[in-house]
Amino acid sequence: MSVGAGFSYKKFVHFALEQTRHRSTLVPHPSQEKFKFIKPNEDNTVLSALSFSTSKVRLLRSLTIEQKNSAQVLDFAAFSEPEYDLPIFCANAFSSPARSIVVLDLNPLYDTTEHKDYREKYYRNLMPLIHKYSELLPWGGKITSESLRFFSPIVIWTIFEPTEANLQALYSAFMDYYKVWLELMDGAVRETNEEKIDRNREAQHKYLTWRAEKDPGYSLLKKLIGESGAKDLVREFLFEGVSSLGTKSFLDYFPEYAQEDGTVNRKRSMAGKSFGTRPWDVHGRFVGGDASC
């Protein structure tokens, strides 16, 4: 199965929405009305945007881009309400006829190296998942420490030829990871301590602020729907909440990116260590992997 031969990431979205409906009521999110009829500049391209909420999920949203006989893109994420400290479900995939680049993860709300209790709570029992897929979907090669910032010990970061077998392995992994995330959601107990809720809200806002600034798909979106449309889609749909969950800016959270003139240093991501192998051990502890500068 090549990407141009009938493959679609929409079946990933369909699976996730059906699984969620079995467990809770999906209510259209306010952002859906604005973005569900996005029309790209290119006739051979279809953009589909869907967004929902549930009693525990603040935002469940998906964006698929389909370019005839060319690229297929999936950007799917689920963010809990601040009353829960659930990891953020994240599936990003870009497939051309030649290769697919994928990140599939339960992004931690809190750094799993600094917050060992969070790692134990959510990832200790999930390590068999990455063992199951580490050969089918192997580590994708060198990646910077910046890119690892919001990855968990069970992240699948991989690059492969989009054969039928590889795409099926990815679909299988997506189903497994999403079902696990739904189980975590089912078991999540609502936090009542206002201080902890505020901390969860700020942690999610920090994540949204990072992702909105660093979105790797922005250049493609800008090409397809223009600069203004791309900015709106990133801030009001993909990472909705970046303007409402908090007031801190990117440089408030990440001052190391500030340049002398007060702007963000966009070249900084090229500096620092890179990791050529998985930098977590079988227990989910960060060990550094095959790092180079």
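The lining of the largest pocket splits into 25 nonpolar, 7 polar and 12 charged residues. Here Ala, Val, Leu, Ile, Met, Phe, Trp, Tyr, Cys and Pro count as nonpolar, Asp, Glu, Lys and Arg as charged, and the others, Gly among them, as polar. Keep in mind that this is a predicted model, where local features need pLDDT of at least 70 and side-chain atom pairs count only at pLDDT 80 or more, while totals for chains, interfaces and linings use all residues. Residues are numbered from 1 along each chain as its sequence is written, and side-chain values use heavy atoms, with hydrogens and water left out.

**Largest pocket**
- Its volume is about 1,300 Å³; a pocket is an open set of points on a 1 Å grid over the protein atoms alone, with protein on both sides within 12 Å along at least five of seven lines, and lining residues have an atom within 4 Å of a point.
- Grid points are joined across faces, edges and corners, and a volume is the space filled by probe spheres set on the points.
- There are 44 lining residues, and Arg211, Lys214, Asp215, Pro216 and Gly217 sit closest to the centre.
- Two or more residues each come from β3 (57–67), β4 (72–80), β5, β6, β7 (143–144), α6 (194–214) and α7 (218–238).
- The top contributor is α7, with 10 residues; helices (H or I, at least four residues) and strands (E, at least two) are DSSP runs, numbered from the N terminus.

**Second largest pocket**
- This one has a volume of about 630 Å³.
- Of its 21 lining residues, Tyr110, Asp111, Thr112, Glu114 and Arg149 lie nearest the centre.
- α6 supplies the largest share of the lining, 4 residues.
- By class, the lining has 11 nonpolar, 4 polar and 6 charged residues.

**Cavity**
- The count is 1 cavity of 30 Å³ or more, a cavity being a set of grid points where a 1.4 Å probe fits but cannot get out.
- The largest cavity holds about 50 Å³ of space.
- Tyr9, Phe12, Leu74 and Asn92 are among the residues lining the largest cavity, and β5 (88–95), β6 (100–107) and α5 (164–187) each give two or more.
- That lining is made up of 10 nonpolar residues, 1 polar and no charged.

**Asn125**
- Asn125 sits in the loop between α3 (116–122) and α4 (127–133).
- Asn125 counts as exposed because its relative accessibility is 68%, and exposed means over 50% relative accessible area (1.4 Å probe, protein chains only).
- Asn125 and Gly284 are 159 residues apart in sequence, yet their C-alpha atoms are 9.7 Å apart in space.

How values were computed
Buried < 20%, exposed > 50% of the residue type's maximum accessible area, 1.4 Å probe, protein only.
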